[in-house]
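Here is a short report on one protein chain.

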Amino acid sequence: MKKTRKTQKNQNKELALKAEKHMKQSKLAIIVSGVSVCILFVCMSIYMVKYSAAHEIEMFDNSYNSYAIRLSREYLRGTIYSGDGEVLAYSEGEEAASQHRVYPYGNMFAHAIGYSTHGRMGVESAANYYLLNYHSGLNNIAHATAESELVTADSVYTTLDTSLQQVAFDSLGVYKGAVIITEVETGRILAMVSKPDFDPNNIDTLWEEFMNDSASTNLLNRVTQGQYPPGSTFKIITTLEYLRENDHSYSGYHFNCGGSFTYDGDTIRCYHGTVHGSIDFATSFAKSCNSSFANMGVSFDRKSFQKTLDGLMFEEELPYDLPSAVSHTAVNEDTDTHNIMQASIGQGQDSISPLHMNMITCAIANKGVLMKPHLLDRVESESGSVVTTFKPEEAGRLMTEEESAQLTELMTEVVKRGTATRLQDDRYTAAGKTGSAEFSSTVKDDSHAWFTGFAPAEDPKIAVTIIIEGAGSGGEYAVPIAKRMFDQYFTVNPVTVDAEE
Ligand SMILES: [Zn+2]
């Protein structure tokens, strides 16, 4: 009995120990799972806060966001200004819910500023978040409420310059085409014109019209979404590849142009059958000799050429905040002779947008570094305090400083003695490249007139890119327009020569 009791006691003790152990384990499990839940919760909270912060504008711009809709019924949409302080868009109305948008410059800023009904476009889209928000403080709202005035949301200042935009708009005249002017050291877009255009004041009635006419391209921003054969402006890229494959020297190059170049049964002709004769590299570039560049092209290492094009953002999204077209090239490691000859002179299957061409030009002018092109400068509250400033951002290096210097030298020769002599001016030295891009396989003489370039060559300030559809040669039609842009810019911002020089 004694033994049994003892055994019983031991068993009880064992059970108690087991229970205690189990309890400890359970407690530990509870603590562990509790802590895990806490950690998970903290992580999720951090993620949510971070996600919301990073995607705030995106979330806000979602058309289902009822908060944005509510704001648009409480405040007048913010005003959009040019860089020089002109009103480009404002809202008016007796009540916020029935407000309507006014664009004082009509067609002139159509694609750059865009519209805010029937979807959004241009600055109206890029700055939508800021144009609906309000930062002037409760006092102002209270004051406005007391006076039963409508409160206007924050204002957005753009980088656009009304005088340059006016010249670009007028110069393009009745032609279809595009013009973009950018400040090379900052990426600030000073002018952006696309034609045919539309009057954003009448977007409600025009919308119906454009939607019913499938041939209408008035709403298309040709600067960012137009895709054109680059024509001879592409010789800038062919040159870059030549430099990379030839120890960064073009001094040994020589070509004898008889007006055409035949290789493997394929023939490339010079523009209008011009015979350029015995020429070096700089002359090939300045006179834009197709035969000479096709001759370079057939010698290229396809893989290397493709790498150069990859580095110049072909076949990829451009660093730009609004929708833009992806540029295409036929060049890859399997490209045959026919296509490499066509590609080397910017014909065939290659396509590029004026924005992309302008970016490459800006990088050449800015020692190889591309600054992200942008339209927004800053956001100001109704009381005039700065809410947000958009600082210049680097978008990457497209070429070495040496390569940019070599291209600048060649592009300066184009103006001195090549296809862009109409750009010569006493007040500044311009550098650039013309293009006459054939686009019709049936009518041989139909070509788009291109020009892309910058000034001053020795200390570049602005880059100008122009395309005029079906106008003819770049030298005759695009260069005079570029001249008007440079003249306007350097009249307002004269080139100052350093006193020590
Ligand atoms: Zn030639």
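## Overall fold

Contact here means heavy atoms within 4.5 Å. By that criterion, 67% of the chain's contacts with a separation of 6 or more join residues 24 or more positions apart.

The model is predicted. Its chain holds 18 helices and 17 strands. There are 501 residues, and 50% of them count as buried. The chain exposes about 24400 Å². Carbon and sulfur atoms supply 51% of that area.

## The largest pocket

The largest pocket contains about 900 Å³ of space. It is lined by 40 residues. Closest to the pocket centre are C270, Y271, N290, S436 and E438.

Four elements each give the lining at least two residues: the strands β9 (266-269) and β15 (431-438), and the helices α15 (337-344) and α18 (474-492). By residue class, the lining of the largest pocket has 24 polar, nine charged and seven nonpolar members.

## T335 in its loop

T335 sits in the loop between α14 (302-311) and α15. Is T335 buried or exposed? Its relative accessibility is 8%. Buried means under 20%, so T335 counts as buried.

What does T335 touch, leaving aside its neighbours within four places in sequence? Its contacts are R302, A330 and I340. With A330 there is also a polar approach: a polar side-chain atom of T335 lies 2.9 Å from the backbone oxygen of A330.

Key
Residues numbered from 1 in each chain as written. Predicted model: local features only at pLDDT ≥ 70, side-chain atom pairs only at ≥ 80, totals over all residues. Heavy atoms only, no water. 1 Å grid on protein atoms, 1.4 Å probe; cavity = no way out; pocket = protein on both sides within 12 Å on 5 of 7 lines; lining within 4 Å. Points joined across faces, edges and corners; volume = space filled by probe spheres on them. Nonpolar A, V, L, I, M, F, W, Y, C, P; charged D, E, K, R; others polar. Buried < 20%, exposed > 50% of the residue type's maximum accessible area, 1.4 Å probe, protein only. Polar contact = N/O pair within 3.5 Å; in protein donor to acceptor, adjacent residues only side chain to side chain. Areas by Shrake-Rupley, 256 points an atom, 1.4 Å probe, with all protein chains shown as cover.
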